[in-house]
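Please keep the sequence and the model in view while reading.

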Amino acid sequence: MKIGLHIADFTYPAGPAGLADDLARIASTAEEVGFARISVMDHVWQIGVLGPPEHDMLEAYTALGYLAARTSKVELLAWVTAVTYREPGMLAKLVSTLDVLSKGRAWLGIGAAWNGDEARGLGLPFPSTKERFERLEETLQICLQMWSEDDGPYVGQHYKLDRTLNVPQTLQRPHPPILIGGGGEKKTLRLVAQYAQACNLFGGPDLERKLDILRGHCEAVGRDYDEIEKTVMVPLDLGGNGEKTDELLSSLQAMAGLGVQEAHGWVPRVWEPGVLERIGKDVIPAAEEM
């Protein structure tokens, strides 16, 4: 099992003036100690489970470009891109740019979006749930077309592109891996089966059932279930003195037994010296054996 770092909090003791240095140190340390991926949220306000909306939040793709320049091995992605915040042609271009400048380390993480308050607050599109899922599927189709040899037009219900030209192309061929976030059983997991290289679910009592539903969608569309990487979002919390380490390892072992291949999570007080190093010492080597 691989371990990934989700950077979801940008409110650090040094404040915005120290944020560039803090973020560079966090990313370089995560890479050095063995994290496989680094992600950032695609939100414009902080989300309620982590803090008030007034807390610091960076724009995802600008932050990923900065992280690309500060790292050399970790894979990079937004976890996950809100589909309605960017037009799909521009999104494909953003991920292509990240892939080229990171020398082939970009992923497209994407979902149907959910935070209506921030979207309305900044005047970003936020249509109905039904329409957001329709736009998600069309966006996936547009990205795949732009990353192919076909630069012809695309005409969908919500998007029309006269020419899907994308130069330079992504370094990863046929395209950067696609991760679709969410556990919706009728729509999201069906889109995973049809379009994605990875899914993202949450740990919990329904994880096994969700994976079984994904397997069913794969059978329905003729997709090999084993082709899809199973990832789970979890808190990577060892406790103040490491007292939660065994509990975390036990949880990871149980998920690995279900076929989960990556645990991706946020780290409390990630800015503090030694926090990531402890995960690199006490969790990552053990997870690699699972």
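Which residue just after H1 takes a positive phi? Gly-34 does, with a phi of about 110 degrees.

## Basis of the report

The model is predicted: local features need pLDDT of at least 70, side-chain atom pairs count only at pLDDT 80 or more, and totals for chains, interfaces and linings use all residues. Residues are numbered from 1 along each chain as its sequence is written, and side-chain values use heavy atoms, with hydrogens and water left out.

## Helix H1

Helix H1 covers residues 19-33, 15 residues in total. Helices (H or I, at least four residues) and strands (E, at least two) are DSSP runs, numbered from the N terminus. From first to last C-alpha, H1 reaches 21 Å, close to the 21 Å expected at 1.5 Å a residue; the expected span is 1.5 Å times one less than the number of residues.

Among the buried residues of H1 are Leu-19, Leu-23, Ile-26 and Val-33. Buried means under 20% relative accessible area, exposed over 50%, and partly exposed in between (1.4 Å probe, protein chains only). The buried residues of H1 pack against strands E1 (2-7) and E2 (37-40) and helices H2 (60-70), H9 (275-282) and H10 (284-288).

## Leu-165

Leu-165 lies in the loop between strand E7 (160-161) and strand E8 (178-181), and is partly exposed at 43% relative accessibility. Leaving aside neighbours within four places in sequence, Leu-165 is in contact (heavy atoms within 4.5 Å) with Met-146 and Asp-151.

## Cysteines

The whole structure has 0 disulfides, a disulfide being a pair of cysteine sulfur atoms within 2.5 Å. The sulfur of Cys-143 is too far for a bond because the closest cysteine sulfur, in Cys-199, is 19 Å away.
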